[in-house]
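Look at the model first, then read the points below.

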Amino acid sequence: MNQINQVPGRGDYDVIIVGAGFAGVYALHRLRGLGYRCHVIDAADGPGGTWFWNRYPGAACDIESLEYSYSFSEELQQEWSWSQRFARQPEILAYINHVVDRFDLRKDMQFSARVVSALFDETSDLWTVTTDGGQSRTARFCIMATGCLSAPKANEFPGLDSFKGEIYHTAYWPKETVDFSGKRVGVIGTGSSAIQSIPLIAAQAKTLTVFQRTPNFSVPAGNGPLDPEVEADVKRNYRDLRRRERNSVQGIDLGATPETRTAMGVSVAERQAEYEKRWSTGALYFYTSFVDILVDEEANNTVAEFARGKIRAKVDDPAVAELLCPKDYPFGTKRVCADTNYFETFNLPHVHLVDVKTNPISSITETGLETNANSYDLDVIVFATGFDAMTGAMLNIDTRGRDGINLRDSWSAGPRTYLGLMVSGFPNLFITTGPGSPSVTYNMVLGNEFHVEWISDAIEHLRREVISTIEATPEAEAEWVAHVNEVGNATLYPKANSWYLGANVPGKPRMIMPYLGGFPEYKRRCTQAVARHYEGFQLGGPQAVPLMEAAE
Ligand code: NAP
């Protein structure tokens, strides 16, 4: 257990960071480097966040490794070598562990401890953070680096406990290898996690039955060994690449460049050629294939039809192909997947596709599962049913701010933040890649870096000015929420029942959660708020006990 360096009035720590994923690891490095006493708490038994838990077969990133990595240290960028163009989960986890050890961060991290509550005390301006083990720590600041895709969606099927076979969930896959040989396996879900794991499970299983509610668009991952020449070139010019990423909507730059033309403003042949080029480049490049893809239904339908054509060309049985073709939401409004032989897997004789939109799963039974139409005998059920995204992990913590106000009440009609960074009534509580920020629509590593730097600058500002607290004003928060909704509603995103809107979780308020105005505009607004003396934030009174005497 970490030793507590208690300073009366300053709390056990200056900053408690909840979560040891990409955000928490960098927050610790950055803030400790500035002289703050920091403590990271994570439920897992090691760092990695989402990359710690999602160990399912085939788990990989669909942003190029050279881009989906920290940019804060030039030495780190130069010394680390990725083996694959798109890193697989074990390599990303090894990378995060390398960063933790390289910067000697582990000594300030507490693992196997789940934060259950965070309570603000107005008399001391301290947060008390308590874990499931009953340990409470106090700190002036609390950073919720809890991640967007870290709270798996709760089971929705009756009878789960009765199942006599093996049960797995892609989002908390065991460390031990799972052997599907000779087994009748069922996979529930056809999102990114399912689409990556299904071909590998099919390669082992005796039979594989895929229970699909909504088909997804998926683009070939195009993974392979990282070309040493590409790596050398990037490493020679990393600074320029990072600058371009930070000025881009998605935080990626190595593939196709964003188009400035509209899909409907070019000929059919030009459009097809552009899609074909992007088909072999990567899933995320379709979002920027033409400027109107995500705002104009006619334009969107051209790329949707292109992607459906690819499915029909790959799947032998026309009925199965049609079932696999997404038709009731626009392309890109559910996260486009990246796969290796996903659609081709349905040509294998032992792989079956079951439509559970028409006949929903009604229960899990002792021997498998039942839909409204049939029963299926299974030895293994894999849940690839997704996450209570963007708010689930934060709301699992009993978080109370001024006057005991509960975050669950503040967000009962959907998450409300200012710039995705702070919530009014919750002083000194920061969020990384929170709802209301570009978050999942931007390279998560760079988005987290941006937030950690913004937050540490704010903390430094308070220290220099000897101010006790910072919090979003209710007015700025209301304006920002309205802006996020207005921008989101001008796109096609609301037309899908996606996790971006919370529509995948029964009872969750439907609200567009990521900020869709693009990262450059978002960054401009965050920087402008600071330049205008933290416009939209209320700064509290003088610190009763100054932060960081040692660093003065
Ligand atoms: P997901 O995209 O939310 O997919 C969950 C799947 O389970 C969907 O097909 C969903 O159907 C189905 N499902 C959920 N509840 C169901 C029910 N009651 N009955 C039947 N089907 C049900 O979750 P995910 O695949 O874990 O991916 C989440 C996100 O993580 C991705 O969108 C992506 O951002 C990220 N991710 C990225 C990568 C990558 O980089 N390549 C890999 C994995 C994950 P509906 O669509 O009908 O709800």
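F450, H451 and W454 in helix α14 meet F519, Y522, K523, C526 and V530 in helix α16 (contact means heavy atoms within 4.5 Å). This is a predicted model: local features need pLDDT of at least 70, side-chain atom pairs count only at pLDDT 80 or more, and totals for chains, interfaces and linings use all residues. Residues are numbered from 1 along each chain as its sequence is written, and side-chain values use heavy atoms, with hydrogens and water left out.

**Helix pair**
- α14 spans residues 444–465 and α16 spans residues 519–531; they pack at an angle of about 5°, with axes 12 Å apart.
- That makes α14 roughly parallel to α16 (angles under 35 degrees).
- By class, the contact of α14 with α16 has six nonpolar, one polar and one charged residues.

**Ligand site**
- The ligand is surrounded by 24 residues (a heavy atom within 4 Å).
- The closest are K153, E156, S193, R213 and T214.
- The shell around the ligand divides into nine nonpolar, nine polar and six charged residues.

- A side-chain N or O atom of T214 lies 2.4 Å from a ligand oxygen.
- A backbone N or O atom of D62 is 3.3 Å from a ligand oxygen.
- For a polar backbone atom of G191, the distance to a ligand oxygen is 3.5 Å.
- Taken alone, the ligand exposes 900 Å², and the protein buries 90% of that (Shrake-Rupley method, 1.4 Å probe).

Definitions and conventions: Axes fitted to C-alpha atoms, helices over the stretch in contact; angles between N-to-C directions. Helix = DSSP H or I, 4+ residues; strand = E, 2+ residues; numbered from the N terminus. Parallel < 35°, antiparallel > 145°, perpendicular 65-115°, else oblique. Nonpolar A, V, L, I, M, F, W, Y, C, P; charged D, E, K, R; others polar. Polar contact = N/O pair within 3.5 Å; in protein donor to acceptor, adjacent residues only side chain to side chain.
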